[in-house]
Amino acid sequence: MNSNQVLKRNRSGKVGQAVSAAWPICLGYFPVGLALGVLARQAGLPWWAVGMMSLLVFAGSAQFICVAMLAAGASLPGIILTTFVVNLRHGLMSSALAVHLSGASRRFLAVFAYGITDESFAVNMVRFRGGNWDRWRALIVNHLTNAVWIAATLVGALVGQFVPQGAFGIDYALTGMFICLLVFQLQGRIHILTGLLAAVISVGWYLLIPGDSYIVGASMTAATLGYFLNIRRRRRSP
Amino acid sequence: MTFADYLLLFGGMGLVTYGPRALPLLYLARKQLPQWLIDWLALIPVAILSALLAPSLLTDAAERSFALGKPELLAAIPTLIFALKTRSLAGTVLVGMLLFRLTGMFI
């Protein structure tokens, strides 16, 4: 076997590992992406706008929120501000990933950053921590899942006009995804407590204050309360 | 909305999404964030997801009032149990959709 063949086999092994890591995410993205495309069409977006949104934004939950806000007649600055707040969490993920990407070029990092999502972050971090993972495989995970997401939303947008309103419980796709992502986040008592606080505060905020400030307001309030409760708990039990 | 409106909206959304994803990678790669910020940020995802979910399950959007027993809430309970047991994203989405459809039929 010459060195070229070794290199090739090595590379296909790496690609294979990356694809098998990305596979469960792709499987999850497909129904959710289809649902987004269908709901966007039902909200009156043209199919090309759905593709443009997936390509430029690539953030599942923010895209659903955008469709819901457009359907409710929200203003463009309001939608962009909500997107900013909803996606701020990626900053933390990006900070955590940076540890494993030291030495990568700026161009690599700029391309890599585009594909950071809740799902690819979770998968890549588990693999990085276990060793035997490198930035190229992580990049493949990011961009393969990205491609599946764009394709799924486009397919949803193209078949959207043939899907009757409310068929297959499709209105519930985002709720289902949020429930599962919430479960992924429950890593300890303080997370469960913060989640419960956010639920109570957001419902109260939503009922008392008009507009959409409840998402930002309740999540920042709950995280702050959870942070101080955690400090108190740590002081009590050293 | 015109093509330019959509480009403005999605371009703006893309920028505010890409910024938080890219800036820490590019500029904080070797700097350490203060611990209090790390601890606070670690609670943000669960808080955001809960703040997004709870009002959609527990309130009536049209009247903006408290509502207990919506199909969304009834379907959410078994969906949550399924997610806790399986931790499968695709499975949870599909089971949730099916349960929501079934709940809608009986209520």
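## Exercises on a predicted two-chain model

### Exercise 1. Confidence and domains of chain B

Task: State the mean pLDDT of chain B, and describe how chain B is divided into domains.

Solution. 
- Step 1. The mean pLDDT of chain B is 88, and 94% of its residues reach 70 or more.
- Step 2. For the model, the scores are ipTM 0.86 and pTM 0.75.
- Step 3. Chain B is split into domain 1 (1–31), domain 2 (33–66) and domain 3 (69–107).
- Step 4. A distance of 33 Å separates the C-alpha centres of domain 1 and domain 3 of chain B.

### Exercise 2. The contact between the chains

Task: Determine how many residues each chain gives to the contact, and which element supplies the largest share of the side of chain B that touches chain A.

Solution. 
- Step 1. Chain B contributes 62 residues to the contact and chain A contributes 72 residues.
- Step 2. On the side of chain B that touches chain A, at least two residues come from each of helix H1 (3–27), H2, strand S2 (65–66), H3 and helix H4 (89–106) of chain B.
- Step 3. H2(B) provides the largest share of that side, with 19 residues.
- Step 4. By residue class, the side of chain B that touches chain A consists of 44 nonpolar, eleven polar and seven charged residues.

### Exercise 3. Helix H3 of chain B

Task: Compare the reach of H3(B) with the expected value, locate its bend and identify what its buried residues pack against.

Solution. 
- Step 1. H3(B) has 16 residues; from its first C-alpha to its last it reaches 23 Å, close to the 22 Å expected at 1.5 Å a residue.
- Step 2. At B:Ile77 the helix H3(B) bends by about 25°, and a proline, B:Pro78, follows within four residues.
- Step 3. The buried residues in H3(B) include B:Pro71, B:Ala75, B:Thr79 and B:Phe82.
- Step 4. The buried residues of H3(B) pack against H2 and H4 of chain B and against helix H9 (173–185) of chain A.

### Exercise 4. Overall form of chain A and its helix H3

Solution. 
- Step 1. The C-alpha trace of chain A spans about 70 × 60 × 30 Å along its principal axes, and 48% of the 238 residues in chain A are buried.
- Step 2. Of the contacts in chain A between residues at least 6 apart in sequence, 75% join residues at least 24 apart.
- Step 3. Helix H3 (residues 60–71) of chain A has twelve residues and reaches 17 Å from first C-alpha to last, close to the 16 Å expected at 1.5 Å a residue.

Technical notes. Residues numbered from 1 in each chain as written. Chains lettered and ligands numbered in written order. Predicted model: local features only at pLDDT ≥ 70, side-chain atom pairs only at ≥ 80, totals over all residues. Domains from an automatic or database assignment. pLDDT = per-residue confidence, 0-100. Contact = placed C-beta atoms within 7 Å. Nonpolar A, V, L, I, M, F, W, Y, C, P; charged D, E, K, R; others polar. Expected span 1.5 Å × (residues − 1). Buried ≥ 20, exposed ≤ 12 C-beta atoms within 10 Å, placed from the backbone. Bend = angle between axes of the 7 residues up to and from the residue.
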